[in-house]
There are 4 protein chains.
Amino acid sequence: MSKPALRIGLIGSGFMGKAHAFAYGTAAKVFDLPFEVELHTLADASLDLAQRAASALGFAHATSDWRAMVADPAIDVVHVTAPNAFHKEMSLAAVAAGKHVHCEKPLAPRASDAREMAEAAEARGVKTQLGFNYLCNPMLALAREMIQAGELGEIRSYRGIHAEDYMTDASAPFSFRNDPVGGGVMADLGSHALATAEFLLGPIARVMGDAVTAIPARPDGQGGMRPVTTDDVARAFLRFESGASGSVEASWIAMGRKMQHDFEVYGSKGALLFTQERFNELHFYSADDVRGRQGFRRIEAGPAHAPYGRFCVAPGHQIGFNDLKAIEMAGFLDALAGTAPEPFNFRKGLRIQELVETVLASSREERWRETT
Amino acid sequence: MSKPALRIGLIGSGFMGKAHAFAYGTAAKVFDLPFEVELHTLADASLDLAQRAASALGFAHATSDWRAMVADPAIDVVHVTAPNAFHKEMSLAAVAAGKHVHCEKPLAPRASDAREMAEAAEARGVKTQLGFNYLCNPMLALAREMIQAGELGEIRSYRGIHAEDYMTDASAPFSFRNDPVGGGVMADLGSHALATAEFLLGPIARVMGDAVTAIPARPDGQGGMRPVTTDDVARAFLRFESGASGSVEASWIAMGRKMQHDFEVYGSKGALLFTQERFNELHFYSADDVRGRQGFRRIEAGPAHAPYGRFCVAPGHQIGFNDLKAIEMAGFLDALAGTAPEPFNFRKGLRIQELVETVLASSREERWRETT
Amino acid sequence: MSKPALRIGLIGSGFMGKAHAFAYGTAAKVFDLPFEVELHTLADASLDLAQRAASALGFAHATSDWRAMVADPAIDVVHVTAPNAFHKEMSLAAVAAGKHVHCEKPLAPRASDAREMAEAAEARGVKTQLGFNYLCNPMLALAREMIQAGELGEIRSYRGIHAEDYMTDASAPFSFRNDPVGGGVMADLGSHALATAEFLLGPIARVMGDAVTAIPARPDGQGGMRPVTTDDVARAFLRFESGASGSVEASWIAMGRKMQHDFEVYGSKGALLFTQERFNELHFYSADDVRGRQGFRRIEAGPAHAPYGRFCVAPGHQIGFNDLKAIEMAGFLDALAGTAPEPFNFRKGLRIQELVETVLASSREERWRETT
Amino acid sequence: MSKPALRIGLIGSGFMGKAHAFAYGTAAKVFDLPFEVELHTLADASLDLAQRAASALGFAHATSDWRAMVADPAIDVVHVTAPNAFHKEMSLAAVAAGKHVHCEKPLAPRASDAREMAEAAEARGVKTQLGFNYLCNPMLALAREMIQAGELGEIRSYRGIHAEDYMTDASAPFSFRNDPVGGGVMADLGSHALATAEFLLGPIARVMGDAVTAIPARPDGQGGMRPVTTDDVARAFLRFESGASGSVEASWIAMGRKMQHDFEVYGSKGALLFTQERFNELHFYSADDVRGRQGFRRIEAGPAHAPYGRFCVAPGHQIGFNDLKAIEMAGFLDALAGTAPEPFNFRKGLRIQELVETVLASSREERWRETT
């Protein structure tokens, strides 16, 4: 009632645009948000498109002029879910207008652009968020809590994977994903694997990359073939500042895999296994268990693992992908209200972008690289 | 925009009251609903409670007088999520006022009451729904579709389970769940197992029940013990009208189980396995697969399994428990709009209640019973 | 070297005849057996068949006259793995000749026959064994040990299954398995489920059976169809003497299942899950685990679980089906040496046979039956 | 009967010595071996040790003089299962005496030694085998067959792991495994991962290694600490000659892992997943499956997957680790009989040793290396 209003402007209404709108719908009910969120204006490529999406997603207004919307004093927060190529321009415009910005990943095709964006936001004093929603899973919070509390002892090794299969079809035409600037699987999916790795184990200090183009040419849409130079599978060896070693792998040609965002963490006293394919579970091995009774135990998400209990008071009922986005939005609003730090801001997005570029540079140069 | 409004009155704001509100929030964005849903009034035991819940869940008004709300001409649909003991009185009042009613399960403690409710609704011409949300899972729709399309051949046997562990603590006090009228696990959880069985294989013709009180007395809250006569574990043999045989089991003392709503269906050409613990998966064995390559395959929910694609365009991302409730609400609204039959109305709820009572009677009498 | 010799006579060289020979080969090396086992004579239907099998399996002699072999003073132990129909006659002949007898299951088609066999053996003072090899799994020993040590608290409920799919083909001809005397799935597979149930939880006091013929007629091999009256799926409710309740199910038409010998045991402090499909694992839930860290843990067989360590000093390497038979043989030899009780003798086989018949009688009569 | 005799001399009676003896016991019964195998002489460090082991494992003679045994004209094949440090000397002596040699892995601490051994055997015309038993699994044969038959289409990427946890305890003393010559996890376990990778996908052309010492010092057994320079975790990027890319990882500090010998193979039409933790299963995804019915299917080992049927005529019953060794021995005997090529001879062992050294050299030099 007496909550301050927060008026949202959304650019884009595709997969992620919808997910943002869904997330606010859910977050407003599930959480005690610090704001009264108003879905104010939805901007899309055409007015017709924007109007239909606004109606479907519950926005009060629609526009085909994202610049006008960004400049509109009525708007407090701008969400950028337009195609990747526009992320930078739109975000910078919003920042310049003094808006808080939630931008879908990737921040920008190049780290230099991402840096410009992060610095602009910091200079302008607005708050930012990047959509790394896998990190919003209560089971990832649990994993990090267990690691930080020493339940696994000293962390010795790590393996992270993000593999899907949406680029397996060699007859599918060359797309923006194959574009040498900003494309490739390490940027698209490996960024998630890197973000999870640092979320759990802290900063990565050095990397050795291996980026591979498995489908060397794709149809150019005009009857010919266009060479592909971006990576379809990419791997990296990692050294964390903590001293632990590890690896990540990203693939978008992993036939049959829909959401293999997995990790394995091995410590001196225990281990954790996780797969996003069953993301309401975390598997924990404790060397402290009695001999003959040891084994990986399947912890199911429940009210003991905040904020799961916000969604459901009973354990084992499971939250969904869109709920992760709702947690993401709620975290951002807490940051806007000043009651919590930004969960994953442009600065952190820049960090991931730099890691991606360092991995790719390392791969090209065939040598280890420091991450900064 | 031009959609007709549908004004919701909700009674209760506990686990299920919240879930209903969440469901409307999600459904309004995910589906193209036939109505503009207005969360109009929330009624709860005290005005203070109601006001806080209304604010949190997005209802415009709050009241401590559910009777007044039910009678209010502004309300189109009444949702009953108050304690089980009130389901009948509230639903009947809403029906009498000409409202459509969505009531949480169970409909009523006794089938005779449920029958009264179903008949009242039918006589009054209002539409009804009962909250059997597990049936709203796209993977259950898939399972039924596969069975009906003959992909498993002739169905020969079935096993259904619904087991949780929230009543394992023998030192927990006697509660309404232990009440001889309407309590017991076959009513509380077995009803789900029975509903799923009929959803998949059609009507059950005969049952042989086995209802067991495993914890014979519980603290009465006054220093003494109170005998328990309701069932903690209950089983039934089944004969379907199709000729297939099967069984169901319900337990609320299955230590470690949080959501074991499982089934196994075996046919002459294939089989299906499902567990609600991983409810975005369905495991399918096809005898048509090539020799040496046969095996249960793990189908992950995706856009091929409507309405999953409404929530997410990418497979394997997973929907959550609250999303099942959103699907449930959307189905109800389609029924209200007249574009689809009621997915699970009071008549069906009565059917389940009768099945539960038949199983329990069969158990008491130690003989097979027709389900009528 | 100085071990006494034990001379084996084997009748039959099919699946189980081979398995017995394999088992001795393995047991002789893996265990420190109390005897020097000599594979003395193999008897089969024809001399040629017997000679080839003897050569392949390492028996010194071959014969087509099992009666002569049984009477041969050189033979100490007779193994009966001939077709079921001959189990009684052969076993009784061996007992009469004063031989110890290892008979494959089932002991006999009828409990009355089984009783005659058990009593004959006891009267003659010879030792006997029946091949219930699933009970020889170290993980079953572990499960029983955990239950008896109270690690699960008071046992409240049980579910056991034995399902395979070798009788799914309705066009396969009527066979001895469909014979009204001694055939049916409760006898063939349900016997295993019942044996495991009593192995883990102790005596069953009462049962209520449900035996179903799912494929009502099969080809008679002469162009016609022959009605089938034996059970393809059979279920039973159980009451254990301990007070726990439970159920078993047997099916040989469970399409896709090759070896679903499963159980779930729920107690007041913990639970166990097991499937023979992965029989080197036992899943254990302990309510004593810290809140937020609870879950079923996958215990992998290892040297902590005797006699696994005899086969392999490293955990997780897994033993196989034939190794279970080797453990079975070693247990029998210990009994013959007088250092341990008979693991599963004719008396216990009679017990299982009686349980099977009681379940079937209960099913026919549609009423609960005491097991006597 | 008329089979030629093959007289075995075994050096060593530890884990692997026993496994070899077990394997012959099983193989002799399960397979139709081309020889009558005689377990002739067992050599161990002391006569007493040798005699006890010979008695337990069924060898006719015992000796503490392995040189004499190797020179004994009565011996046809020498099995070397003594500590790694003796593998070379013993094998060369046996080769020099004209014996066929089965040596446990690793062949030798250095590839140069391994080469000497392979060349000596080839020059002398004797046959050899190295114990890479994981390759003997029928499910690996199936995987290779599927890959070679094109069931996965063009192979694009690969991930292999071999992780266990027997070196997790930092307080365990420095051992031969930590010795700079020949020690380290890439040699001990990574060799398996490399062998499986080449078994499935053919020759590896280039590698980039990352070998890590996670526990930098271990007790020296005299109250002090001794620095460790060998690898506890080691990874490699791979390029196969086929053009596919991949990786392997080896770890002996993977807390909780007992036998994580896993692989994932992704092709243009399908994928395979495997874990040695459940080595009777292979998971297969086929892009040819109907839309909406696709998923990884769990193929259980059965008679369709030779030589499983030799062990058991029924699918899903599972073979064990020792059975893999029996398959290994049978393959060697076929090679000795001249009816099949050597399954994994010293030349192949040399290849693996070279790969290990190349990975380690690559790691030290921090650059990609060709494998030859």
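**Helix packing and sheet order**

Me: At what angle does helix 9 of chain A run to strand 5 of chain A?

Reply: Helix 9 (residues 321-337) of chain A lies across strand 1 (5-11), strand 2, strand 4 (77-80), strand 5 (100-103) and strand 6 of chain A; helices (H or I, at least four residues) and strands (E, at least two) are DSSP runs numbered from the N terminus. This is a predicted model, in which local features need pLDDT of at least 70, side-chain atom pairs count only at pLDDT 80 or more, and totals for chains, interfaces and linings use all residues. Residues are numbered from 1 along each chain as written, chains are lettered from A and ligands numbered from 1 in written order, and side-chain values use heavy atoms, without hydrogens and water. With axes fitted to C-alpha atoms, for helices over the stretch in contact (heavy atoms within 4.5 Å), and angles from 0 to 180 degrees between N-to-C directions, the angle to strand 5 of chain A is about 160°.

Me: Which are the edge strands of the open sheet in chain A?

Reply: The sheet has six strands in the order 3-2-1-4-5-6, with parallel pairing (at least two DSSP bridges between two strands). Two strands each pair on one side only: strand 3 (61-63) and strand 6 (128-130) of chain A.

Me: Which residue is the bridge partner of A:Leu42?

Reply: Strand 2 (residues 36-43) and strand 3 of chain A pair in the parallel sense over three bridges. In strand 3 of chain A, the partner of A:Leu42 is A:Ala62.

Me: Are helix 5 and helix 10 of chain D roughly parallel or antiparallel?

Reply: Helix 5 (residues 111-124) and helix 10 (residues 346-365) of chain D pack at about 165°, with axes 9 Å apart. Because angles over 145 degrees count as such, helix 5 of chain D is, relative to helix 10 of chain D, roughly antiparallel.

How values were computed
Parallel < 35°, antiparallel > 145°, perpendicular 65-115°, else oblique.
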